[in-house]
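The sequence and structure come first.

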Amino acid sequence: MPKEPENTQKQIFILKQTVKTLATLNSLISDANQCRDEQNLIFHLLNHTVGYIHYDRAILISGTGRKILGISGSSQPSMHSDVCRWLRQLKKTLNNPEEAQIINEDAFSDIPDFWEEYTAKSGGTFLLWLPLAATAENSLRKHNAPPVLVLERWQQKQWQPGDLKLTAPLQKNFGSLLQLHKRKSPENSHKYSRRALILLILVAVILSLYSYKISERIVAPCEIVPLNPVSVTTPIDGVVDEILVHPGDTVKESQTLVKLNRDIFSEEFTAAEQQVKITRSELSRTEAEAITDMDARSRLKALETQLAMDKTRLRIARYKLDKSLINAPAAGVVMMNDPNEWEGKPVMTGERIMLLITPGKNKIKIYLPLADKIDFPENARVKIILNTDSATSRQAHLSYLAEHATTSPTGIPAFLAEATLDWKATDIRMGVQGTAVIYGNKVSLGYWLIRRPLAAIRNFIGI
């Protein structure tokens, strides 16, 4: 007699669980029918079905397996993630990917490394593979394969055969809803026809203007620099004591421009001069003694060599002392940075301190982008627009184009080109920057329009 109430309670419990499950399923499908678009439906499928059947993660992939349509708890899944790569491999490996099935490591006995890699981060994963096809006929259409819902359970929690029956309503209802939303999406056929018409008009215009020739033109940054400047460099190592001129000063040839610290050079000269006197005196005394003394005769050669070396040191000391005053190698206008920055600064032989330029003699230095180096005719026409006077353009011609790339002052690789103004301009300051428009050979308008896009497409597809 006691068993009967116990069985009754068990049946009541099972009935309540069944009613609760059916109510959850009904609510889930009812809410799914209220979704306005496909994205809302996918979000609902991945994040709300956990109340109907428990899982740790849900993933929706396309029928081809090449794209992840959504992951529970993630807004924007990456197509290049490890999960996408693993599921793509998984679809290729399954014997019957069109059928709902439970997947565990037994299904991958031939490729255990793949399964270990997939389940390494979850502590043991079991998968439920659910193709969302409304009918069995739709699931067999390879050209229109239905999406697949992959449910994961982690930490060695297994799926049971009864779970497949429990998820069957999900497959059918959500498969139907996904197909319905796809059919409701606009075909946009009128948009395609409009784009085709626009493209046709564009092609017609290009073909009609094919005979119209236009000069290729390259726009590049430029800078006004002096023509044939004279560098003032240090002939010896030393320390700058004083800069005797200022930027913009006009100097004459041989005028003293820079004064190096002369203390050390003066001491070296005095010491070398004194050493020459001592050695010469010693040589004279030894020559007198050599008449009667054989030892004195043997020292004569060493003293003569010593005197020659001392004279050489004296000439070097005199040279350093003379060169401690740096003079202008030619007449011109001083071009340099702040003179105060040089005072007290050590300099090395050959280090440039300033430039001497001739007013009115200048050239344009152009930094041509790597992708814009084309064949230019000899003395190609150049239009210069300076930043200080953008309303005026100045005409010039191309005088030099480098064969190898270099680095521009902004750190961008470029080909260096130079241009010369067609007339002498005295109102342009050195260092002014601007834009240079270089005109190349004449080409058809169609080629002029598609040159850059065509180059970008070829670089992208590698043809």
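The side chain of serine 324 reaches the backbone oxygen of leucine 321 at 2.5 Å, a polar contact (N or O atoms within 3.5 Å, one able to donate a hydrogen and the other to accept it; residues adjacent in sequence count only if both atoms are side-chain atoms). The model is predicted, with pLDDT of at least 70 needed for local features and 80 or more for side-chain atom pairs, while totals for chains, interfaces and linings use all residues. Numbering runs from 1 along each chain as its sequence is written, and side-chain values use heavy atoms, without hydrogens and water.

Serine 324 sits in the loop between α9 and β11 (325–327). Beyond four places in sequence, serine 324 touches Ile236, Val258, Lys259, Leu260, Arg262 and Phe265; contact means heavy atoms within 4.5 Å.

| Residue | Relative accessibility | Class |
|---|---|---|
| Serine 324 | 0% | buried |
| Leucine 209 | 34% | partly exposed |

The largest nonpolar core has 31 residues; a core joins buried Ala, Val, Leu, Ile, Met, Phe, Trp, Tyr and Cys residues through side-chain atoms within 4.5 Å. α9 contributes the most to this core, seven residues. A second, separate core of 25 residues includes Leu46, Phe126, Leu130 and Leu178.

Leucine 209 lies in the loop between α7 (189–208) and β6 (213–226).

How values were computed. Helices (H or I, at least four residues) and strands (E, at least two) are DSSP runs, numbered from the N terminus. Buried means under 20% relative accessible area, exposed over 50%, partly exposed in between (1.4 Å probe, protein chains only).
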